[in-house]
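Visitor: Could you take me through the strands, helices and ligand shell of this model?

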Amino acid sequence: MVTRAFTVPTKTIIYPAMFVAPAWAPGYVCPKGLCGLCCLTQSPTGVSSSHNANLDKAVCRSYNSEIRTCRKYLDRPTVCRKYPFAFGVENDRILISVSLECPGTNSKTDIDTDAVSSMLCEEPTNAIITFMDSQYRSAVSTPGIWRDAGQVWTELSRRVQEYFSKKTSLPCLQEVQQLTVDTVWGVAGEEPPEVPPCSVGTVTKNTQGLYIATRFETHALGLVKVIGSKTKISLLDEKWREINKITIKTPTEFLSLEMDKDAQSMIRDYVSFLCNRPFLSLASIRSVSEHVPVPIILQRAFAGVFAPLEAGATLVAHRDHLESLDSNAMREIISFAEGNNHSIFAGSGRVHTL
Ligand code: SF4
Ligand code: SF4
């Protein structure tokens, strides 16, 4: 894990801030036109999507696909300015992390904390931080909502990391679900809701059936589309032309996949990253709006994180006829999962990145 401390001088307060990333993604660079994945899949407010009939993608209307840049880059919406960062405010501190589906996070460059701080100080992001802070404080001071959430999160993180320290294969979802249920059970005084069974099709249904996976070693894009019992996986060149495609039967069961030592190390690092990223504040904001206790939200969110990880592993393994996973496969699977995880917090009703 990489952590970098810095400060964010907002209009009202100077926040201590912490950047958190896995060791293999310590920073982020986005050379002009690197991939355009975010603009392929985002639907910023006020910018409608167009539909590319050839590739069946949702593309932001402001994106110039010929030269792979935003037509109004200097005036792009807040969601685009923030990407690929996710942040939350808790205990008077800003926690910030990256969304690992962005190939720019495959850089070995250290994070530029001054640039991150400036981005967080811009309006309306500054106002969002203030709002998150007040929501977090409000949740903590509301016993019915909070219900020992800090303690639950610490224990949940510890148990999940301990579980993965011994894990040598995927799938893992059922076991992680059980861990989260066991940890939360009794604290919130009610039964945690069932996490729905996961399959590639289920994850797809929840995210409108459109996936972009990335191959990090090349920055090439893959388009994954699940259409009922068929799944089409296309590899796109730098001009988004389809250069290769395969169609497979949509997997309905997870494979048992051994991970080599590098893949195990990578997923442990990823799990540690999940345990250190700003779940708590984001979850608490949602819980206040939904009147659901924070521990229940944490249980749902944390168990849900592993569903796309399994779906991604199953897809990648089917595509490449794999029986075990190495670090390259794991990196792609994590990028696949991250797009979905990001969407858990981004809210529903949008086109989601993957
Ligand atoms: S997905 Fe990341 S690397 Fe690609 S264009 Fe967007 S910010 Fe840049
Ligand atoms: S507004 Fe610009 S930066 Fe934002 S998604 Fe559209 S093309 Fe990309």
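This is a predicted model: local features need pLDDT of at least 70, side-chain atom pairs count only at pLDDT 80 or more; totals for chains, interfaces and linings use all residues.

Visitor: How many bridges pair S1 with S2, and in which sense, parallel or antiparallel?
Guide: S1 covers residues 2-9 and S2 covers residues 14-21, and a hairpin of 4 residues joins them. Val 2 stands opposite Ala 21, while Pro 9 has Ile 14 as its bridge partner. The two strands pair over 8 bridges, and the sense is antiparallel.

Visitor: How many bridges join S2 to S8?
Guide: S8 spans residues 93-98 and runs parallel to S2. Ala 17 has Ile 94 of S8 as its bridge partner, and Val 20 stands opposite Ser 97. The number of bridges between S2 and S8 is 4.

Visitor: Are H6 and H11 roughly parallel or roughly antiparallel?
Guide: H6 (residues 149-166) and H11 (residues 294-320) pack with their axes 9 Å apart, at an angle of about 25 degrees. Angles under 35 degrees count as roughly parallel. That makes the relation of H6 to H11 roughly parallel.

Visitor: In which hand does H6 pass H11, left-handed or right-handed?
Guide: H6 passes H11 in a crossing that is right-handed.
The contact uses Ala 149, Val 152, Trp 153 and Leu 156 from H6, and Val 294, Pro 295, Leu 298 and Phe 302 from H11. By class it has 8 nonpolar residues, no polar and no charged ones. The hand asked for is right-handed.

Visitor: Are H6 and H9 roughly parallel or roughly antiparallel?
Guide: H9 covers residues 261-276; it packs with H6 at an angle of about 175 degrees, with the axes 10 Å apart. Angles over 145 degrees count as roughly antiparallel. H6 and H9 are therefore roughly antiparallel.

Visitor: How many charged residues does the contact of H6 with H9 have?
Guide: H6 contributes Ser 157, Val 160, Gln 161, Phe 164 and Ser 165, and H9 contributes Ile 267, Arg 268, Val 271, Ser 272 and Cys 275. Divided by class, 5 of these residues are nonpolar and 4 are polar. The charged count is 1.

Visitor: How many residues surround ligand 1?
Guide: The closest are Cys 30, Cys 35, Cys 38, Cys 102 and Gly 104. The shell divides into 9 nonpolar and 2 polar residues, with no charged ones. The number of residues around ligand 1 is 11.

Notes
Residues are numbered from 1 along each chain as its sequence is written. Chains are lettered from A and ligands numbered from 1 in the order in which they are written. Axes are lines fitted to C-alpha atoms, for helices over the stretch in contact, and angles run from 0 to 180 degrees between N-to-C directions. Angles under 35 degrees count as roughly parallel, over 145 as roughly antiparallel, 65 to 115 as roughly perpendicular and the rest as oblique. A crossing is left-handed if the near helix is turned anticlockwise from the far one by less than a right angle, and right-handed if clockwise. Two residues are in contact if their C-beta atoms, placed from the backbone, lie within 7 Å. Ala, Val, Leu, Ile, Met, Phe, Trp, Tyr, Cys and Pro count as nonpolar, Asp, Glu, Lys and Arg as charged, and the others, Gly among them, as polar. A residue is near a molecule or strand if its C-beta atom, placed from the backbone, lies within 6 Å of it. Two strands pair if DSSP finds at least two bridges between them.
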